[in-house]
Amino acid sequence: MRRRIVAGIIAVILISGITGLEACKKGGGLNIFTIQDDKDLGLKMEQEIAANPQEYPLLDRTQYASAYAYLENIKLQILNSGQMQHASDFEWKLHIIDNDTVLNAFCTPGGYIYVYSGLIKYLDNASSLAGVLGHEMAHADQRHSTKQLTEQYGIATLLEVVLGKDQNTLTDIAANLTILAFSRSDESDADAHSVIYLCPTQYRADGAADFFQKIVDSGSPQPPAFLSTHPNPDNRIANLHAKESELACNNSPSTQVELTEYAAFKNSLP
């Protein structure tokens, strides 16, 4: 089902024509997708996710207005940090997925952000959630998904797809996007940018380390599946703390206020 959905999305984006080649501003290499392509892809994915409520049961914005307002405040502080490359280019629209069994969040190309209720309830404070949110927003801001597609398939092959001459590769791209795992370097880059984004905010800049520390402390032999392709949690914790020290961030939110407000946020969810 998911492969058919994404196949349609990719067909719309690629066959409609990708205009021009864009050199990556960071990390070298090329990204054949334009900023507008990222936005179009994100919008199509949002539409398809909304049409699939069994897999993605989204919380209603009106009914859960206070929960969305809490998340929006975190998002706006990240966007207003002055550190994001595409803060004004992308949509940065939030959705909460009502699934307490999933400890995850993701952000599509173009800045459509999805946070599972399971992750929200698993974490203990706003800085932890802000760290994870900053990490996922970094994947979109640094354009990791579309860069990876360009690297994986190559410019010549993607141009053949654009021209409608390689339907097999189009199907392959669609299938792979549903299981696209970010490289270790992309994950490390997103971790570092999470700290960079949060440093000017009220949140602890290395808040994302809380999530990984909790996973390590739980001693679970089966951590969340997506961690299997990510850098070692211990290394990520150390690297997040090191980046915070390097930037000399001094964020010290009131612990009791943060815990109280976050508890109320969690209680506002079903």
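Buried residues have a relative accessible area under 20%, exposed ones over 50%, and partly exposed ones lie in between (1.4 Å probe, protein chains only). The views below are of a predicted model, in which local features need pLDDT of at least 70 and side-chain atom pairs count only at pLDDT 80 or more, while totals for chains, interfaces and linings use all residues. Residues are numbered from 1 along each chain as its sequence is written, and side-chain values use heavy atoms, with hydrogens and water left out.

**View 1. Confidence along the chain.** The chain has a mean pLDDT of 82, where pLDDT is the predictor's confidence in each residue, from 0 to 100. A pLDDT of 70 or more is reached by 75% of the residues. Over residues 15-27, pLDDT stays under 50. The model has 36 contacts beyond four places in sequence for residues 15-27, a contact being heavy atoms within 4.5 Å.

View 2. Glu72 and Lys75 form a salt bridge, with their closest N and O atoms 2.7 Å apart. A salt bridge here is a side-chain nitrogen of Lys or Arg within 4 Å of a carboxyl oxygen of Asp or Glu. The two residues, Glu72 and Lys75, are three residues apart in helix 3 (residues 65-79), about one helical turn. Helices (H or I, at least four residues) and strands (E, at least two) are DSSP runs, numbered from the N terminus. Lys75 is buried at 7% relative accessibility, whereas Glu72 is partly exposed at 22%.

**View 3. A salt bridge between distant parts of the chain.** Lys214 and Asp124 meet through their side chains in a salt bridge of 3.2 Å, N to O. This pair is 90 residues apart: Lys214 belongs to helix 10 (residues 208-218), and Asp124 to the loop between helix 4 (117-122) and helix 5 (126-141). Lys214 is partly exposed, with a relative accessible area of 27%; Asp124 is also partly exposed, with 40%.

View 4. In helix 11 (residues 233-247), Lys243 and Glu246 lie three residues apart, about one turn of the helix. Their side chains meet in a salt bridge of 3.4 Å, N to O. Lys243 is buried, with a relative accessible area of 18%, and Glu246 is exposed, with 57%. In the whole structure, a search finds nine salt bridges.
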